[in-house]
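Please look over the sequence and the model shown below, and keep both at hand while reading the report that follows.

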Amino acid sequence: MENYTKEDFLNKKVNLHIHTTFSDGKGDVLKILSQAKAKGYKKIAFCDHNTLEAYHKTEILKEDIVLSGVEFDVWCGYVFMHLLAYNIDVNNKELLAFCAKNKKETELDIVRIFSTRDIKKLIQAIHNAGGIAVLAHPACCWAISLDRFVKKLISYGLDGLEVYYPYKRHRGIIKFHKSSSVEKIANKYNLIKTGGTDLHGEELN
């Protein structure tokens with residue numbers, strides 16, 4: 001996976017966290033892709049909850065601007081978390097086994113929170129599909145010590161942290177850690193830094 005700079009994320013040239021109507025987003029995947037091209041984005045990733053349907057039902061992966069992605073709901077001990085997977089083979093059978101079996105598992109919080117995915121096996125499947133595993137919006141993790149939690153995930157194979165994230169709306173309210181501490185932890189453990197707006201609307205911004 002190509003490395004992007006902090007400026008790429010902050011200047012809205014890279015957005016690696018976008019949801020569409022294939023999960024709980026309102027935006028059409030092709031319309032968002034068109035917006036990204038018009039606005040001069042370098043790279044975007046559609047990361048719908050627990051599904052790769054956006055890649056199976058469209059030909060978006062033929063576009064150089066698109067990086068394959070998905071966001072999984074998973075528990076790690078007492079912590080409910082979201083794990084982003086990037087640059088994956090969207091047809092990998094091992095990874096597909098972790099995907100949603102119905103639409104409710106892609107859009108309803110009350111359903112998704114009962115995920116039974118095994119975090120260790122999920123990260124291994126992501127790696128076997130040629131991808132990297134990234135902890136989404138880390139400042140919202142319920143962990144008492146984010147540093148210790150990230151270190152635990154690294155022992156399972158975690159590759160990166162979503163450092164450049166806006167923490168708007170409910171994510172800004174339920175933050176348990178400072179955004180600044182996330183980047184420090186990423187630097188401390190030499191983790192890949194990613195970012196995105198967690199778009200659920202129709203307009204790419």
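In which loop does N190 lie? N190 lies in the loop between α10 and β7, where helices (H or I, at least four residues) and strands (E, at least two) are DSSP runs, numbered from the N terminus. This is a predicted model, in which local features need pLDDT of at least 70 and side-chain atom pairs count only at pLDDT 80 or more, while totals for chains, interfaces and linings use all residues. Residues are numbered from 1 along each chain as its sequence is written, and side-chain values use heavy atoms, with hydrogens and water left out.

**Two residues with positive phi**

N190 has a positive phi of about 55° although it is not a glycine, and H137, also a residue other than glycine, has a phi near 25°. H137 is placed in the loop between β5 (132-135) and α8 (146-156). The table lists relative accessible areas, for which buried means under 20%, exposed over 50% and partly exposed in between (1.4 Å probe, protein chains only).

| Residue | Relative accessible area | Class |
|---|---|---|
| N190 | 70% | exposed |
| H137 | 4% | buried |
| I174 | 34% | partly exposed |
| L204 | 1% | buried |
| C99 | 6% | buried |
| C141 | 3% | buried |

**Strand β1 and its neighbours**

Because 5 of the 5 residues of strand β1 (residues 14-18) are buried, this strand is largely enclosed by the rest of the structure. β1 pairs with strand β2 (residues 43-46) in the parallel sense over 3 bridges, and two strands count as paired if DSSP finds at least two bridges between them. Within this pair, V14 stands opposite K43 in β2. Together with helix α2 (residues 29-38), β1 and β2 make a right-handed β-α-β unit; right-handed here means that, with the strands pointing away from the viewer, the path from the first strand over the helix to the second runs clockwise.

**A contact across the chain**

L204 lies in the segment after β7 (192-195). The C-alpha atoms of L204 and I32 are separated by 6.3 Å, although these residues are 172 apart along the chain.

**Cysteines**

The structure holds 0 disulfides, a disulfide being a pair of cysteine sulfur atoms within 2.5 Å. C99 is in no disulfide, and the nearest cysteine sulfur, that of C47, is 12 Å away. For C141, the closest cysteine sulfur is in C140 at 7.6 Å, which is too far for a bond.
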